Amino acid sequence: GFLFERKEHLAFGAVMLAWAGCAAYFAAGRTEPELRATLRTIAFRAFVAAAALATVVAALGTYVAIYKSF
């Protein structure tokens, strides 16, 4: 049960990181060139972290489904 609960929290984190990356990427287009590179780097890192969390969530979901079916 606790593993399933953790999976839900990680999924929420993945969605929030994806939104943060999206916001940083689109904000980069409207800023000065010095800040543009920093915002794009932040966006890239947020997207990578979101993808990593999504992979962990998928693995945990599969493990929970195999271990205990409803």
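Which side chains meet in a salt bridge? Keep that in mind for point 1; also note that this is a predicted model.

1. The pair is Lys7 and Glu8, whose side chains come together at 3.0 Å, N to O. A search of the whole structure turns up one salt bridge. As background, side chains of opposite charge can pair when their charged atoms come close. Lys7 counts as buried because its relative accessibility is 13%, under the 20% cut-off. Glu8, with a relative accessible area of 38%, is partly exposed.

2. Phe12, Val15, Met16 and Trp19 make a nonpolar patch of about 460 Å². Met16 sits in helix α1, and its 41% relative accessibility makes Met16 partly exposed.

3. Then there's the loop between α1 (2-28) and α2 (33-67), where you'll find Thr31. A polar atom of the Thr31 side chain lies 3.2 Å from the backbone oxygen of Ala28. Leaving aside residues up to four places away in sequence, Thr31 touches Arg36 and Leu39.

4. Leu39 comes up again in α2, as one of that helix's buried residues. What do they pack against? The buried residues of α2 pack against α1.

5. Finally, a quick check on the length of α2. Its 35 residues, at 1.5 Å a residue, should span 51 Å, and the end C-alpha atoms are 51 Å apart, so the two values agree.

How values were computed: Residues are numbered from 1 along each chain as its sequence is written. This is a predicted model: local features need pLDDT of at least 70, side-chain atom pairs count only at pLDDT 80 or more; totals for chains, interfaces and linings use all residues. Side-chain values use heavy atoms; hydrogens and water are left out. Helices (H or I, at least four residues) and strands (E, at least two) are DSSP runs, numbered from the N terminus. A polar contact is a pair of N or O atoms within 3.5 Å; within protein, one must be able to donate a hydrogen and the other to accept it, and residues adjacent in sequence count only if both atoms are side-chain atoms. Contact means heavy atoms within 4.5 Å. The expected span of a helix is 1.5 Å times one less than its number of residues. Buried means under 20% relative accessible area, exposed over 50%, partly exposed in between (1.4 Å probe, protein chains only). Patches are made of residues with over 30% relative accessible area and no salt bridge: like charges are joined within 9 Å, nonpolar side chains (Val, Leu, Ile, Met, Phe, Trp, Tyr) within 5 Å. Accessible areas come from the Shrake-Rupley method with a 1.4 Å probe; for residues, only the protein chains shown count as cover. A salt bridge is a side-chain nitrogen of Lys or Arg within 4 Å of a carboxyl oxygen of Asp or Glu.
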